Amino acid sequence: MTHSPATRLAHIGRTTDVPGGQPVNPPVVRASTVLFESVAQMQDMRARRGEERLFTYGARGNPTNFALEDMVTSLEGGYRTRLYPSGLAAAAMVLLAYVRPGEHVLLPDCVYEPVRNFAGGFLHRQGVESDFYAADGSDLADKLRGNTRLVYVEAPGSLLYEMCDLPAIAALAHARGALVAADNTWGSGLLYRPLELGADISVMAATKYLGGHSDVMMGTVCTTEAVWPELATLSDAFGMTVSPDDAYLVQRGMRSLGARLAQHGASAMELAHWLGERPEVARMFCPALPGDPGHALWRRDCHGTNGLLSFTLRDGSPAAAQRFVDSLELFGIGASWGGFESLATLGDLRRARTVTDWSPHGTLIRLHIGLESVVDLRADLERAFAAIAQ
């Protein structure tokens, strides 16, 4: 029987090799050294661990980490998953694993800004060329080169949540011999499934919705079987691993992912419609809103929305946006998102975009709608509007 993703999240990733009864969640296995029964067994397992997932040394993972990998793989619908210390580490490892010196990578204009900086800094110094294409993918065909090895996608994009036609991008890239990697942090495996839409690699910052409680840092990469070996080999070479305690926290957070995302999304939509009617608001950014340019693609490819939304004020000055955020009481001022709490921050799109000219639009206000009462959050936002009116 095939179960829904929410049902699978409640049951997958459990160990079965515990004597006696089975725990609901796997125990935390803290280990660096692993003991073997004989030299022959150690040699055999070490010879096989390049292709098989075996408990041979702490840097190669442990049963707690393996359980989380299984959960993410099931959620993403891929072949295997690797865990990393942060979302940025996961994205950086993807770029390092699949693009060589002398090759070319294309990134969307909406890409997470630290990934933009990594491409323009470290990758550039290693002889890897990078260019940026429009967030909706409209100019991608013109920017593909003969040496383009990887097309990186972020959908919806950072800050403005632009949608792109991932199946079309994947078909175009594959026809030109390039792989496709997608940042799936927004969708978190439940709302968006890049591997089903044609991507070869899916990256998530588990720091956000997978963990869900603002107390752990982690990144994940799930791939198809065809491209897995390159990622696995380089990750082993770099000694990439995560703490089993952190793996346990993320797995525990994932058990409630479906329920949390449903609440985040419902509250965000209620507030998005309300904000869109405020006279102080110039423009809303949320693909789940019917007026959003990416709404049709969102309806086709997504399975709901999350707690993120952004907007600009009619008073486009930085001072007005800063006063608005400073006047909030329930919304914390913080750059992350995906936890249970509501957050607000400002976005400077003049720095974060190079293909699109953002300068006429003013300062962006990004909100993450948490699990607090919508009534209380709306009242907090009303106080902030009153503050800028003064």
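Q: What counts as a salt bridge, and how many does a search of the whole structure find?
A: A salt bridge is a side-chain nitrogen of Lys or Arg within 4 Å of a carboxyl oxygen of Asp or Glu. The model here is predicted. A search of the whole structure finds 22 salt bridges.

Q: Which residue does aspartate 245 pair with in a salt bridge?
A: Side chains of opposite charge can pair when their charged atoms come close. Here the partner of aspartate 245 is arginine 30. Their closest N and O atoms are 2.7 Å apart.

Q: Where do aspartate 245 and arginine 30 lie?
A: Aspartate 245 belongs to helix 9 (residues 244-255). Arginine 30 is in the loop between helix 1 (5-11) and helix 2 (39-48). The pair therefore ties together parts that are 215 residues apart in sequence.

Q: How is accessibility read for aspartate 245 and arginine 30?
A: Buried means under 20% relative accessible area, exposed over 50%, and partly exposed in between. Aspartate 245 has 28%, so it is partly exposed. Arginine 30 has 62%, so it is exposed.

Q: Are arginine 116 and aspartate 109 buried or exposed?
A: Take the contact first. The side chains of arginine 116 and aspartate 109 meet in a salt bridge, with 3.0 Å from N to O. Arginine 116 is at 8% relative accessibility, so it counts as buried. Aspartate 109 is at 0% and also counts as buried.

Q: Which residue forms a salt bridge with arginine 278?
A: The partner is glutamate 280, and the closest N and O atoms are 2.9 Å apart. Arginine 278 counts as buried because its relative accessibility is 18%. Glutamate 280, at 21%, is partly exposed.

Q: Which residues do salt bridges with shared partners join into one network?
A: Asp44, Arg48 and Glu52 are joined in this way.

Q: What does UniProt list for Lys208?
A: An unreviewed UniProt entry lists Lys208 under "modified residue: N6-(pyridoxal phosphate)lysine". Now place the residue in the model. Lysine 208 is in the loop between strand 6 (201-205) and strand 7 (219-223).

Q: Is lysine 208 buried or exposed, and what does it touch?
A: Lysine 208 has 12% relative accessibility, so it counts as buried. Leaving out residues up to four places away in sequence, lysine 208 touches Thr185, Ser336, Trp337 and Gly338.

Q: What is the strand order in the open sheet of 5 strands?
A: Strands of a sheet pair through backbone hydrogen bonds, either parallel or antiparallel. In this open sheet the order is 8-9-12-11-10, and the pairing is mixed. Strand 8 (281-285) and strand 10 (332-333) stand at the edges. Each has a single partner strand, so one side of each lacks a neighbour in the sheet.

Q: How many bridges join strand 9 to strand 12?
A: There are 5 bridges between strand 9 (residues 308-313) and strand 12 (residues 364-368). The two run antiparallel. Leucine 308 stands opposite histidine 368 in strand 12.

Q: Where is histidine 264, and what does it touch?
A: Histidine 264 sits in helix 10 (residues 257-276). At 0% relative accessibility, histidine 264 counts as buried. Its contacts beyond four places in sequence include Tyr209, Asn306, Phe340 and His368.

Q: How many residues of strand 2 are buried?
A: In strand 2 (residues 104-108), 5 of the 5 residues are buried, so the strand is largely enclosed by the rest of the structure. His104, Leu106 and Pro108 point one way. Val105 and Leu107 point the other way.

Q: Which strands does strand 2 join?
A: Strand 2 runs parallel to strand 3 (residues 129-133), with 5 bridges. Leucine 107 has phenylalanine 132 as its bridge partner in strand 3. The chain crosses from strand 2 through helix 5 (residues 113-125) to strand 3, and this β-α-β crossover is right-handed. Strand 2 also runs parallel to strand 4 (residues 148-154), with 3 bridges. There, valine 105 stands opposite leucine 150.

Terms used:
Residues numbered from 1 in each chain as written. Predicted model: local features only at pLDDT ≥ 70, side-chain atom pairs only at ≥ 80, totals over all residues. Heavy atoms only, no water. Helix = DSSP H or I, 4+ residues; strand = E, 2+ residues; numbered from the N terminus. Buried < 20%, exposed > 50% of the residue type's maximum accessible area, 1.4 Å probe, protein only. UniProt positions renumbered as here; feature names shortened; annotations may be inferred. Contact = heavy atoms within 4.5 Å. Pairing = 2+ DSSP bridges. Right-handed = clockwise from strand over helix to strand, strands pointing away.
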